[in-house]
Amino acid sequence: MKQPITQTPYRRELKDKILQTAFREFTAKGVKAVRMDDIAELLSISKRTLYEIYGTKEALLLEMVKQHEDQLDNHMRTFMAEHPRNVMEILLEFLKLQMKELDNTNINFYEEIHKYKSVIDFLQTKHDRRNDYSRTFFREGIKEGYFRDDIDYDIVRVLGSNAMEKIMRTQLYKKYSLKRIYKNLVFLYLRGFCTIKGITILDEQLLNQFH
């Protein structure tokens with residue numbers, strides 16, 4: 001029976017370096033363009049060592065995506081814990097991170113991760129949890145006077161999700177950059193469910209930040 005690999009400090013540090021390297025390479029070039037051999041070579045380790053830690057490319061990709069999502073969640077928790085934030089501040093910070101990510105990610109990455117079932121299953125679970133949180137978030141936005149109280153937010157959420165699926169399926173990003181598409185889609189939906197108070201914040205901050 002195969003013996004488990006001892007998690008020494010060096011091994012833990014190496015795992016983190018592998019994930020950092022994989023994230024940089026996969027998002028810059030796409031998943032298909034980067035081989036496990038390439039990652040081992042960049043880190044000056046043997047292929048055997050890499051495969052001892054991550055047995056397959058899919059296992060590495062999944063762990064990388066999990067770490068990235070955890071980092072995003074941790075950033076938002078820290079942002080909200082620093083001092084009291086209203087919903088518009090939270091929303092703007094999240095969108096800023098999303099736009100930055102779109103700026104730095106090769107479209108091939110988004111296309112190719114759909115070939116890995118474990119990654120898509122994880123992202124779907126994450127998406128479902130965020131949808132649960134979004135309902136509470138929208139209710140808070142109504143209380144604070146930034147969001148309209150006559151909008152069915154479940155319908156808005158489904159429409160937004162379906163729009164992004166349509167964009168990816170029809171490969172609209174080959175005509176327009178994904179960042180430009182996302183920006184216009186977000187502006188359309190945000191302005192639609194914001195009150196005058198919310199729209200004022202968008203015009204003063206969001207439109208200026210994401211020009």
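Predicted model: local features only at pLDDT ≥ 70, side-chain atom pairs only at ≥ 80, totals over all residues.
The protein as a whole has 10 helices and zero strands, so that, read from the N terminus on, its elements run α-α-α-α-α-α-α-α-α-α. Of its 211 residues, 39% count as buried, and the C-alpha trace spans about 60 × 40 × 30 Å along its principal axes.

**The pairing of α4 and α5**

- Helix α4 covers residues 57–82, while helix α5 covers residues 87–103, and the two pack at an angle of about 150 degrees with their axes 10 Å apart.
- Because angles over 145 degrees count as roughly antiparallel, α4 and α5 are described as roughly antiparallel to each other.
- On the α4 side the contact is made by His68, Leu72, His75, Met76, Phe79 and Met80, and on the α5 side by Glu89, Ile90, Glu93, Phe94, Leu97, Gln98 and Glu101.
- Sorted by class, the residues of this contact between α4 and α5 are seven nonpolar, three polar and three charged.

**His68, a residue of α4**

- His68 lies in helix α4, and it is buried, because its relative accessible area of 18% falls under the 20% cut-off.
- When neighbours within four places in sequence are left aside, His68 is in contact with Phe23 and Glu101, and Glu101 is also among the α5 residues that make the contact with α4.

**The pairing of α1 and α2**

- Helix α1 (residues 9–29) and helix α2 (residues 36–43) pack at an angle of about 120 degrees, and their axes are 10 Å apart.
- This angle is the reason why α1 and α2 are called oblique to each other, and α1 passes α2 in a right-handed crossing.
- The residues that make this contact are Lys17, Ile18, Thr21, Ala22, Arg24, Glu25 and Phe26 from α1, together with Ile39, Leu42 and Leu43 from α2.
- By class, the residues of the contact of α1 with α2 comprise six nonpolar, one polar and three charged.
- Arg24, which is found in helix α1, counts as partly exposed at 45% relative accessibility.
- Although Arg24 and Glu112 are 88 residues apart along the chain, their C-alpha atoms are separated by 15 Å.

**Helix α9**

- Helix α9 (residues 178–193) has 16 residues and reaches 23 Å from its first C-alpha to its last, which is close to the 22 Å expected at 1.5 Å a residue.
- The buried residues in α9 are Leu178, Ile181, Tyr182, Leu185, Val186, Phe187, Leu190 and Phe193.

**Two loop residues with positive phi**

- Ser44 has a phi near 55 degrees, which is a positive value in a residue other than glycine; Ser44 is placed in the loop between α2 and α3, and it counts as exposed at 66% relative accessibility.
- Gln171 has a phi near 55 degrees, again a positive value in a residue other than glycine; Gln171 lies in the loop between α8 and α9, and it counts as partly exposed at 32% relative accessibility.

**Contacts across the sequence**

- Among the contacts in the protein with a separation of 6 or more, 68% are accounted for by residues 24 or more positions apart.

Technical notes: Residues numbered from 1 in each chain as written. Heavy atoms only, no water. Axes fitted to C-alpha atoms, helices over the stretch in contact; angles between N-to-C directions. Helix = DSSP H or I, 4+ residues; strand = E, 2+ residues; numbered from the N terminus. Parallel < 35°, antiparallel > 145°, perpendicular 65-115°, else oblique. Left-handed = near helix turned anticlockwise from the far one by under 90°. Contact = heavy atoms within 4.5 Å. Nonpolar A, V, L, I, M, F, W, Y, C, P; charged D, E, K, R; others polar. Expected span 1.5 Å × (residues − 1). Buried < 20%, exposed > 50% of the residue type's maximum accessible area, 1.4 Å probe, protein only.
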